[in-house]
Amino acid sequence: MNTNELIEKIEKACDIDEGTMALEDVLETSGYWDSMSYIIFLSMIQQELGLNIPASEVAKCKTVTDLVGLCKSKLDV
Amino acid sequence: MWACVRANWMSKNSYIVDVDIHLPSTVLTNEELAKDFPDWPAAKILAKTGIKERRITKCYESASDLAVSAAEKLLTKYDRNKIGFLLFCTQSPDYPLPTTACLIQHRLKLPTTCGALDFNLGCSGFIYGLGLAKALVETDQADNVLLLNADTYSHYINAKDKSVRTLFGDGATATLVSSTPGIAQIVGPFSYGTDGRGKDNLIVKTRGSRSEFVHNAPLEVDNNGNGRTVNDLYMNGAEIFSFTAISVPDLIQQTLKKANLTMGDINLFVFHQANLFILKHLQKLLSISDEKFVVAMENSGNTVSCTIPIALKDAMEKKRLKADDNVMLVGFGVGYSWGATILKWS
């Protein structure tokens with residue numbers, strides 16, 4: 001799965017329009033990353049990518065780049 | 001052979017005789033919550049949580065008051081003098097001591113030959129209570145066990161914290177567990193699990209002996225705009241979701257293996273009604289059809305250890321249970337603590 005496909009999935013989890021998320025976005029100040037999108041993201045990666053990433057690992061992500069990188073690192077294992 | 005048959009005939013098997021519910025009279029609707037949280041309209045609260053309204057106790061109402069009301073409903077149909085043991089599951093006891101179950105024994109006028117104990121568990125509490133009741137009944141320590149579940153989380157919730165105020169409701173259930181000599185197993189097997197590393201993710205940090213209630217504690221507002229003090233209930237929703245999504249599928253497989261059953265053998269799944277999003281996630285993950293999956297929290301919310309008996313009662317009233325159905329009950333949450341069992345319905 002490439003970076004753009006992962007971003008599309010994260011955009012869907014955050015309920016924002018396709019193409020509005022940028023890799024350099026800082027999650028905390030992005031305006032779309034709240035407690036609910038966090039949970040929807042965890043749900044999405046388990047159901048669609050088969051990834052069980054603990055919330056504590058996602059919590060360490062500061063930017064969209066970090067989120068994408070975390071997913072890629074788990075998919076590569 | 002004869003001895004074996006005789007042993008089976010003599011053995012006792014526990015079963016759920018009846019369940020009754022009591023919810024407090026004060027209703028907290030999504031419309032009222034939306035006034036306090038304008039960024040969460042009523043429709044959005046319903047869509048995200050699956051809850052339309054929850055019942056809230058008044059400040060002077062305790063979990064034991066709710067439990068007594070639920071028990072009184074049940075005991076209009078059964079002889080209270082035959083109750084041999086009272087189990088009270090709560091995280092809202094009347095006092096640090098004495099044991100609230102002792103006070104309830106007196107209020108219900110149960111015989112003084114009745115054993116009584118409290119146990120402190122949340123969302124897994126009904127499963128653990130059934131396990132304890134089964135053990136008491138099947139080892140001849142009591143013929144009839146009254147299992148009471150009740151909580152008043154609203155007393156721990158800050159009015160400015162939408163993350164928990166939209167979810168939790170107060171309530172109580174009363175379940176009668178009794179024995180039936182010589183019939184096939186009805187309650188069990190059980191699987192349990194515990195991981196105390198999750199303690200900080202759903203917690204009331206003060207009010208116990210580790211840390212006393214802090215007077216004039218300052219309000220702290222988190223990144224999502226939820227306000228609470230150190231005395232209030234705190235929930236890390238993402239961590240709780242993560243724990244649930246990882247632990248529940250394993251728990252179900254363990255329990256099926258013990259029962260020598262498969263997912264296809266289960267006729268109805270009754271999960272802890274945490275919130276609609278978690279329930280739908282688990283349902284999809286486990287490929288459970290709507291016909292086999294109970295969602296019953298719209299008018300009561302997440303009532304902690306009461307959600308499973310409330311959902312079970314809902315299924316009974318809607319005639320979703322037939323004789324010989326296999327019913328899987330699954331509880332998970334605060335602690336972390338989790339447990340599951342399978343009922344052979346009769």
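# A walk through chains A and B

Start where the two chains meet: across the interface of chain B and chain A, the rule turns up 0 salt bridges. Keep in mind that this is a predicted model. What you do get between chain B and chain A is polar contacts, with 7 residue pairs counted, both partners at pLDDT 80 or more.

How many residues does each chain bring to the contact? Chain B puts in 15 residues and chain A puts in 16 residues. An interface's size is often quoted as the accessible area that is lost when the parts come together. For chain B and chain A, that buried area is about 1,400 Å², and carbon and sulfur atoms give 64% of it. Over in chain B, the residues that lose the most area to chain A are N224(B), A238(B) and F277(B), which together make up 30% of what that side buries.

Two helices of chain B, α8 (237–259) and α9 (276–285), each supply at least two residues of the side that touches chain A. The biggest giver is α8(B), with 7 residues on that side. Sort the chain B residues that touch chain A by type and you get 6 nonpolar, 5 polar and 4 charged.

Now for the rings. Over all chains the count comes to 11 aromatic pairs. Take Y128(B) and Y192(B): their rings sit 4.7 Å apart, centre to centre, with 45° between the planes, and the pair is classed as tilted. Y128(B) belongs to helix α6 (residues 125–138) of chain B and Y192(B) to strand β8 (residues 187–194) of chain B, so this pair ties together parts that are 64 residues apart in sequence. Why does Y128(B) count as buried? Its relative accessible area is 18%, and the cut-off for buried is under 20%. Y192(B), with a relative accessible area of 39%, is partly exposed.

A second pair is made by F243(B) and W338(B), whose ring centres are 5.5 Å apart with the planes at 55°, so this pair is tilted. If you want rings in chain A, look at W33(A), Y38(A) and F41(A), which form one aromatic cluster.

On to the charged side chains. The salt bridge count over all chains is 21. One of these joins K313(B) to D18(B), with the closest N and O atoms 3.9 Å apart. K313(B) lies in helix α10 (residues 307–317) of chain B, while D18(B) lies in strand β1 (residues 12–22) of chain B, so the pair ties together parts that are 295 residues apart in sequence. Buried or exposed? Both K313(B) and D18(B) are buried.

Another salt bridge runs between K52(B) and E298(B), with the closest N and O atoms 3.5 Å apart. This one links loops in distant parts of the chain: K52(B) is in the loop between α3 (42–49) and β3 (53–56) of chain B, E298(B) is in the loop between α9 and α10 of chain B, and the two are 246 residues apart. K52(B) counts as partly exposed, at 40% relative accessibility, and so does E298(B), at 36%. R80(B) and E72(B) make a further salt bridge, where the closest N and O atoms are 2.8 Å apart. E72(B) is partly exposed, with a relative accessible area of 27%.

Last stop: R165(B), in helix α7 (residues 162–165) of chain B. R165(B) is buried, with a relative accessible area of 16%. Which residues does R165(B) touch, leaving out those up to four places away in sequence? The list is L28(B), L33(B), D36(B), F37(B), R54(B), I157(B), N158(B) and A159(B). With D36(B), the side chain of R165(B) makes a polar contact of 2.8 Å. Compare that with L176(B), which is 11 residues from R165(B) in sequence but 31 Å from it in space, C-alpha to C-alpha.

Conventions
Residues are numbered from 1 along each chain as its sequence is written. Chains are lettered from A and ligands numbered from 1 in the order in which they are written. This is a predicted model: local features need pLDDT of at least 70, side-chain atom pairs count only at pLDDT 80 or more; totals for chains, interfaces and linings use all residues. Side-chain values use heavy atoms; hydrogens and water are left out. Contact means heavy atoms within 4.5 Å. Buried area is the accessible area (1.4 Å probe) that two parts lose on being put together, summed over both. A salt bridge is a side-chain nitrogen of Lys or Arg within 4 Å of a carboxyl oxygen of Asp or Glu. A polar contact is a pair of N or O atoms within 3.5 Å; within protein, one must be able to donate a hydrogen and the other to accept it, and residues adjacent in sequence count only if both atoms are side-chain atoms. Helices (H or I, at least four residues) and strands (E, at least two) are DSSP runs, numbered from the N terminus. Ala, Val, Leu, Ile, Met, Phe, Trp, Tyr, Cys and Pro count as nonpolar, Asp, Glu, Lys and Arg as charged, and the others, Gly among them, as polar. Rings of Phe, Tyr and Trp (its six-membered ring) pair if their centres lie within 6.5 Å; planes under 30 degrees apart count as stacked, over 60 as edge-to-face and the rest as tilted. Buried means under 20% relative accessible area, exposed over 50%, partly exposed in between (1.4 Å probe, protein chains only).
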